[in-house]
Amino acid sequence: ALRDSVGNLEPGSGLYPDYAAPIVRSGVDGVRELVAARWGMPTPPAYLEGRRVDKGVTNIRNVGSPHWRRWLGAQHRCLVPFNAFSEPGRDDGNYAPVWFALDETRPLACFAGIWTEWTSTRKLAEGEVTIDVFGFLTCPPNAEVAAIHPKAMPAILTTEAERETWLSADWGVAKLLQRPLPDGALVRLK
C-alpha cells in the first residue's frame, strides 16, 4: 500500500539541493507513503561553526560517523526515485554534468536514502523552519561513473527485493546495499 501525499508532480529538468523532491518512506502507521522532502540532511556541527545557515548535506558516504548513525534505522530510511542522475565531470575537456541511467529508456530506480524531520535555518530570508529533509548514500563508483567522477556514485537500488530490504531490514543487512552497481549496469546518456 502506498499513501500519496504529493499528488501530481510537474515535469522538471532536475532536482537540486535544498529543493523539495519526492521520497518513499514508511509512515508512522507503517503504511508506505510518497511525500515531498527537501534535499539536504543536517550538517555535522563541526562544519557549521561560524555559519548562520545549514544548507544541508546531500550525499552521505561515511555511515560509520556518529553524526549519521541516529538515522540508519528503518524508520529513517527512504527511497529516492530517479530515472537518470548526473555527476560533475569533464566531457570533451569542458566542465559539464554527465548523465547516467540504467539504460536509454531511463527506467525508474531508487537511491538508498535517509530522512528526518529537522529544525534549522536553511536560508536567512526564510528563517528557522521545521521540515522533512533527506539525503542519499554514496559508495565507490563503478567503471562507468569512475570515468567521469572517480570519488563516488549514489547507492542505487534496482529490484523490489533491494528496495524492500532497504526500507525494512536490520541495519546489518541493509548496509550491504551501500555498494556500486556492477560495471556495465549503467549507460552514459547523450
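Student: How many of the 12 residues of strand β9 are buried?

Tutor: Some ground rules come first. This is a predicted model, in which local features need pLDDT of at least 70, side-chain atom pairs count only at pLDDT 80 or more, and totals for chains, interfaces and linings use all residues. Residues are numbered from 1 along each chain as its sequence is written, and side-chain values use heavy atoms, with hydrogens and water left out.

Tutor: Buried means under 20% relative accessible area, exposed over 50%, and partly exposed in between, using a 1.4 Å probe and protein chains only. Strands (E, at least two residues) and helices (H or I, at least four) are DSSP runs, numbered from the N terminus. Strand β9 covers residues 128–139, and nine of its 12 residues are buried.

Student: Which strands pair with β9?

Tutor: Two strands pair if DSSP finds at least two bridges between them. Strand β3 (residues 32–39) pairs with β9 in the parallel sense over two bridges, and R38 stands opposite V133 there. Strand β4 (residues 59–60) also runs parallel to β9, joined by two bridges; I60 has L137 as its bridge partner.

Tutor: On the antiparallel side, nine bridges join strand β8 (residues 109–121) to β9, with I114 partnered by G135. Strand β10 (residues 153–154) is antiparallel to β9 over two bridges, and C139 has M153 as its bridge partner in β10.

Student: What lies between β8 and β9 in their hairpin?

Tutor: Six residues lie between the two strands, and G127 in the turn has a positive phi of about 75°.

Student: Are C110 and C139 buried or exposed?

Tutor: C110 counts as buried, at 7% relative accessibility. C139 is buried too, with a relative accessible area of 1%.

Student: How many aromatic pairs does the structure hold?

Tutor: A pair of aromatic rings is described by the distance of the centres and the angle of the planes. Rings of Phe, Tyr and Trp (its six-membered ring) pair if their centres lie within 6.5 Å; planes under 30 degrees apart count as stacked, over 60 as edge-to-face and the rest as tilted. The structure holds 10 aromatic pairs. In one of them, W68 and W71 have ring centres 5.9 Å apart and planes at 55°, so the pair is tilted. Both W68 and W71 are buried.

Student: What kind of pair do W71 and W118 form?

Tutor: W71 and W118 are edge-to-face, at 5.7 Å centre to centre with 85° between the planes. W71 lies in the loop between α1 (66–69) and β5 (77–82), while W118 is in strand β8, so the pair ties together parts that are 47 residues apart in sequence. W71 has a relative accessible area of 3% and is buried, whereas W118 is partly exposed, at 25%.

Student: Which residues form the aromatic cluster?

Tutor: W39, F82, F85, F100, F111, F134 and F136 form one aromatic cluster.

Student: Where does the charged end of R25 sit?

Tutor: A charge sits over a ring if NZ of Lys or CZ of Arg is within 6 Å of the ring centre and within 35 degrees of the ring normal. The charged end of R25 sits over the ring of W115, at 4.1 Å from its centre. R77 lies over the face of W166, 5.4 Å from the ring centre.
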